[in-house]
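Reader: Could you walk me through this one? I have not looked at it before.

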Protein chains: 2
Amino acid sequence: MTASQTASHSLIETALKTRTAAMKLAALSTEEKNQALEAIAQALEAAYTEILQANAADCEAAKSEINTALYNRLKLDENKFRAGVAGVRDVAKLPEPVGRVQIHRQLDDGLILKRVSCPLGVLGVIFEARPDAVIQITSLAIKSGNGVILKGGKEAIRSCSAIVQAIKQGLSQTVINPDVVQLLTTREETMELLKLDQYVDLIIPRGSNSFVRFVMENTRIPVLGHADGICHLYIDKSADIAKAISITVDAKTQYPAACNAIETLLVHQEIADKFLPQVATVLQVKDVELRGDQHSCAILDIASATESDWSTEYSDLILSIKVVDSLEQAIGHINTYGSRHTDAIVTEDLEAAKIFLNQVNAAGVYHNCSTRFADGFRYGFGAEVGISTQQMPPRGPVGLEGLVTYKYQIHGDGHIAATYSGRDAKPFQHRDL
Amino acid sequence: MTASQTASHSLIETALKTRTAAMKLAALSTEEKNQALEAIAQALEAAYTEILQANAADCEAAKSEINTALYNRLKLDENKFRAGVAGVRDVAKLPEPVGRVQIHRQLDDGLILKRVSCPLGVLGVIFEARPDAVIQITSLAIKSGNGVILKGGKEAIRSCSAIVQAIKQGLSQTVINPDVVQLLTTREETMELLKLDQYVDLIIPRGSNSFVRFVMENTRIPVLGHADGICHLYIDKSADIAKAISITVDAKTQYPAACNAIETLLVHQEIADKFLPQVATVLQVKDVELRGDQHSCAILDIASATESDWSTEYSDLILSIKVVDSLEQAIGHINTYGSRHTDAIVTEDLEAAKIFLNQVNAAGVYHNCSTRFADGFRYGFGAEVGISTQQMPPRGPVGLEGLVTYKYQIHGDGHIAATYSGRDAKPFQHRDL
């Protein structure tokens, strides 16, 4: 019995319906998909009042049960709503991800191989409270030719339903079957969705680290995302102190809750006496709590770090500090405790930078700049579907490219393999076109 | 407790040792890696007698316990051995897979983003009896800058040990640490290897469908391979009958045990009366057993197919046949029963071919040629690491490209994210270089 056979019949029906509708969507032109995105934008605008009323009801029902941060993510106001609708139109402007010819090769006369990008099929998106995420991810799914099954947090159920209803209303005016977008509403359906490995091609979880880890550990479907973001900044002995201070402060404090903010500062022993007191002063002015290893504590009057500090993502104004003997020790520490997200070195020694960028195993390895640049928009992808810390591609910030795969297509004229086998085998040409 | 913590301490030590050695290998030049491959080829040649003696001992010990097919895969003779060594030198000639710049973009003045291909880290390769696979996969691992932990079948233990000893002897003459190659010898280690998701980046299983399925269901490490190969050939109403017969015979009989051979023939009802009797005659001359649906059985005097035939990979001279009402029904059948490996249409109607290639969900979708072309060598990749039927890339036949990933590198000069945020945010340039 495969995993998907244990999912409920009705959810499999939903997934199959989505898949069938998505198959037609996959073949549409850029113009047809962009017209659908415009129809969605207009339908959302037309449903503005209903959506904000539904959201107000969600907020009212949830306010006594959730914390302020979650409440703020749940709450839709006019600005957030308008930004969401503008985002739909921005997605329409992105380059077409489907139908790109990646390989075009003549295998023999009249036998032509092409590798062409194509949609994945059906995305499963599970998110916590943010209703505006429904708008963004649906736009990206349609642009990339995929169906999408959405599961929002229970606090956002009225908002998500109103948004999805408007989106389906918009799609009903176009050539796209509204079945390409589905909304699940119960918690049980989340677990069932994770079992649909025969019907769902990619799971995108949006939420806390523990939520993402839970999803990763409970599905055989590929997951786009990351649990931890334990990023490091290493200040080499040949660092420029001014750059080192500026980058440390930015990487820690510019947005400490971000996954690309640093959690640990590694400092070469030859520069520690000079650098640490200066950077500590600036960090402490910014209310950063410092926790040091023995050597750092001998230089600074700060609390001691424990072993668990090196593998903790604080997501807060806390920074652990360790003095290292060498570049190699810094690399070893990062490859042991890091989460393969983004790690940076500050140095004027290009050879040290080269070794660091080569040997640190992470999706992003930076020299003389802040780890906070790890972001799909900053990389120029136009959209960010997620940041992946897995080893295999797609890795790092992932744009629309992460929502497509490819097929090999061959056109022949009666060609058979026997012609190219055995004693009188005809050789292949393998000529790129 | 994570999965890898349940693996034995000694295997984790082995994996870490491999990883450390592989980190140095990752940074080597093409010349250094190619010199190492030449050293391996020479060491294997020098150990020819020992390796063939070890293999003779394996064959002697196993001959009463294994079938002829397995025995033939286990047996090394001079030809197979020389071909294996020639293969090492061929791998050296392949294009360098590491260090390719895939994206090169100026984010702002002095802030340069590069996406560069790099090795995965450590490969875990588990195979059944073939000792020559050790030679091939080790060469591919070294060319792609990866460490490799090998686990051969117990029947091949003496052969594999002798081969790995020669390879390590060869590597000891080079800059590469022989620790990059490890051989496991006990069955218990296979299960432990599958648990090492923190230390092993890709599992490559080489063996039967059930063996590959077992591996896929028992590890959280990405697996490169496929269990089933249920390929279809659809003869459209607008097919050229001569091409259709030739392609059917090739796709079924040229090498029936191959994963890219067809298992099911779908025939449009408008051409069935004319096509089926002709193709059946040719197939039956080639000893192909035919099993048909009701409609086929009304045309041909053949056995009835049951529901399970549509999802069976015969890997033998057996073919199931179904008559369909339409192109859409053919596509629906393939997307329901296929294994997303390779499916083909024979038709002179280009519009029908286009719909088929668009809507069939498989790694390979072909028009007017045999499914047997689904192969890394035939595609011109120079080597084939495996064929993947997963939806996400790498998909289809995978060459050396499947053994590398990428990193994002940024070089800056003290750049911080705060410059590009907030009210006076500086815009990014995003200029491709």
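**A chat about the two chains**

Author: One thing before we start: this is a predicted model.

Reader: What kind of peptide bond joins Pro393(B) and Pro394(B), cis or trans?

Author: The bond between Pro393(B) and Pro394(B) is cis, with omega about -5°. Pro394(B) lies in the loop between β14 (386–388) and β15 (396–398) of chain B.

Reader: And what is the peptide bond from Pro393(A) to Pro394(A)?

Author: That one is cis too, with omega near -5°. Pro394(A) sits in the loop between β14 (386–388) and β15 (396–398) of chain A. As background, most peptide bonds are trans.

Reader: Now the contact. How many residues of chain B are in contact with chain A?

Author: 55 residues of chain B, and they touch 55 residues of chain A.

Reader: Why do the copies meet through the same surface?

Author: Because 100% of the interface residues of chain B are also interface residues in chain A.

Reader: Which element of chain B gives the most to that side?

Author: β16(B), with 11 residues. The elements that each supply at least two residues include the helices α1 (9–26), α10 (241–253) and α14 (350–359) of chain B. Among the strands on that list are β1 (101–108), β2 (111–119), β13 (364–369) and β16 (404–415) of chain B.

Reader: How do the residues on that side of chain B divide into nonpolar, polar and charged?

Author: On the side of chain B that touches chain A there are 25 nonpolar, 21 polar and 9 charged residues.

Reader: Different topic. At what angle do α2 and α7 of chain B cross?

Author: At roughly 135°; the axes of α2 (residues 30–46) and α7 (residues 157–171) of chain B come within 8 Å. α2(B) and α7(B) are therefore oblique to each other, and the crossing is right-handed.

Reader: Which residues make the contact?

Author: From α2(B), they are Ala36(B), Ala39(B), Ile40(B), Gln42(B), Ala43(B) and Leu44(B). From α7(B), they are Ala166(B), Ile167(B), Gln169(B), Gly170(B) and Leu171(B). The residues of this contact of α2(B) with α7(B) divide into 8 nonpolar, 3 polar and no charged.

Reader: Which domains does the assignment give for chain A?

Author: Domain 1 covers 3–96 + 112–217, and domain 2 covers 231–373. The C-alpha centres of these two domains of chain A are 38 Å apart.

Reader: Last one: is phi of Asp287(B) positive or negative?

Author: Positive, near 65°, in a residue other than glycine. Most residues other than glycine have a negative phi. Asp287(B) is in the loop between α11 (269–285) and β9 (289–292) of chain B.

Technical notes. Residues numbered from 1 in each chain as written. Chains lettered and ligands numbered in written order. Predicted model: local features only at pLDDT ≥ 70, side-chain atom pairs only at ≥ 80, totals over all residues. Contact = placed C-beta atoms within 7 Å. Axes fitted to C-alpha atoms, helices over the stretch in contact; angles between N-to-C directions. Helix = DSSP H or I, 4+ residues; strand = E, 2+ residues; numbered from the N terminus. Parallel < 35°, antiparallel > 145°, perpendicular 65-115°, else oblique. Left-handed = near helix turned anticlockwise from the far one by under 90°. Nonpolar A, V, L, I, M, F, W, Y, C, P; charged D, E, K, R; others polar. Domains from an automatic or database assignment.
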